[in-house]
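Here are my notes after going through the structure.

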Amino acid sequence: MKINREIIEIDQELCNGCGQCVPDCAEGALQIIDGKAKLIAEKYCDGLGACLKGCPTGALKVVVRVADDFDEAAVEELLKQQKAAEKPLTPAPSGCPSMKLQSFGAVTPCQAANKPISLTGAGSPLQEATSALAHWPVKIRLVPPTAPFLKNADLLIAADCMPQAYANFHRDFLAGRALMSGCPKFDEVESYIAKFTEVFNTADIKSVTVAIMEVPCCAGMKKIVGEALKRSGKNIKTEVAVVSTRGEIIRREPLVV
């Protein structure tokens with residue numbers, strides 16, 4: 001039934017697709033589609049505007065217009081469907097090499113000393129850097145919450161673009177940490193929240209470092225991790241490191257949930 005009521009309106013020109021509004025909508029009415037926030041259907045939006053506070057561009061606002069009435073029963077069914085859709089994201093054993101769990105032993109001093117060297121212009125030897133990656137896989141979608149390398153780990157959650165920008169990523173961020181990486185703009189936000197909530201509930205994580213870029217879409221990762229911490233009820237020391245597009249650390253700050 002159509003009625004005159006309050007409902008969310010999204011300015012597609014202002015929306016940058018950061019996804020920060022998605023976890024703020026308890027009804028699951030918002031999704032990122034083709035890089036923009038979209039209202040799935042009018043009946044899912046209660047018009048209260050809880051999603052407005054997370055939008056960095058002011059693309060969302062509450063308006064009064066003729067729209068389908070809010071349907072609480074439909075929202076409950078939608079949330080059930082969204083929760084069911086998350087389950088396949090936890091990988092089951094298969095023959096795919098990308099989904100095979102692997103833990104790598106630490107490099108011994110002898111192995112490090114025997115790494116090949118290259119020569120600089122002045123003829124000085126330059127030791128090749130050693131990878132600090134201690135496990136596989138690393139993508140958020142592929143790492144199961146029960147992965148052994150997550151148990152009692154210092155967890156690094158990195159936005160996909162960050163290692164490309166920051167030259168000493170392995171030395172300054174990855175060493176000694178378990179890594180989960182992904183893109184908060186192009187991947188499904190709710191699935192990330194659900195995955196991290198389960199990780200925090202099952203893996204006894206010691207600390208979390210969120211490494212992101214200064215661009216607005218990366219800020220969505222902070223919201224995702226913060227929401228997962230809320231849902232898990234865990235009090236885990238969490239730091240956010242923000243890197244510029246020129247590869248400089250702009251700031252490091254605690255994540256306040």
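1. Salt bridges to start with: the count comes to 16. Keep in mind that this is a predicted model, and every value below is computed from it.

2. How are the two partners covered, buried or partly exposed? Lys-223 has a relative accessible area of 26%, so it is partly exposed. Asp-24 comes out at 13%, and since buried means under 20%, Asp-24 is classed as buried.

3. Next, Glu-239 and Arg-252, with side chains that form a salt bridge at 3.2 Å, N to O. Glu-239 sits in strand β12 and Arg-252 in strand β13 (residues 249-254), so this contact ties together parts that are 13 residues apart in sequence. Both ends are partly exposed: Glu-239 has 27% relative accessibility, and Arg-252 has a relative accessible area of 37%.

4. Which residues does it link? Salt bridges connect Lys-2, Glu-42, Arg-65 and Asp-68.

5. Back to β12 for a moment, this time as a strand. It covers residues 237-243 and is mostly covered, with 5 of its 7 residues buried. β12 runs parallel to β11, and 7 bridges join the two. If you want a place to look at the pairing, Ala-211 stands opposite Ala-241 in β12.

6. On the surface, have a look at the patch of negative charge where Asp-69, Asp-71, Glu-72 and Glu-76 gather. Asp-69 is in the loop between β4 (60-68) and α2 (72-86). With a relative accessibility of 32%, Asp-69 counts as partly exposed. That value passes the patch cut-off, because patch members need over 30% relative accessible area and no salt bridge.

7. Now some backbone geometry. Most peptide bonds are trans, and most residues other than glycine have a negative phi. Where is the cis peptide bond in this note? It joins Trp-136 and Pro-137, with omega about 5°. Pro-137 lies in the loop between β8 (135-136) and β9 (154-159).

8. That loop between β8 and β9 also holds Asn-152, a residue other than glycine with a positive phi, near 55°. Asn-152 has a relative accessible area of 44%, so it is partly exposed.

9. Finally, Asp-204, where phi is also positive, near 55°. Asp-204 is in the loop between α6 (189-202) and β11 (207-213), and β11 is the strand that pairs with β12 in point 6. At 41% relative accessibility, Asp-204 is partly exposed.

Note on methods. Residues are numbered from 1 along each chain as its sequence is written. This is a predicted model: local features need pLDDT of at least 70, side-chain atom pairs count only at pLDDT 80 or more; totals for chains, interfaces and linings use all residues. Side-chain values use heavy atoms; hydrogens and water are left out. Patches are made of residues with over 30% relative accessible area and no salt bridge: like charges are joined within 9 Å, nonpolar side chains (Val, Leu, Ile, Met, Phe, Trp, Tyr) within 5 Å. Accessible areas come from the Shrake-Rupley method with a 1.4 Å probe; for residues, only the protein chains shown count as cover. A salt bridge is a side-chain nitrogen of Lys or Arg within 4 Å of a carboxyl oxygen of Asp or Glu. Lys and Arg count as positive and Asp and Glu as negative; His and the chain ends are not counted. The place of a charge is taken as NZ of Lys, CZ of Arg, CG of Asp or CD of Glu. Helices (H or I, at least four residues) and strands (E, at least two) are DSSP runs, numbered from the N terminus. Buried means under 20% relative accessible area, exposed over 50%, partly exposed in between (1.4 Å probe, protein chains only). Two strands pair if DSSP finds at least two bridges between them.
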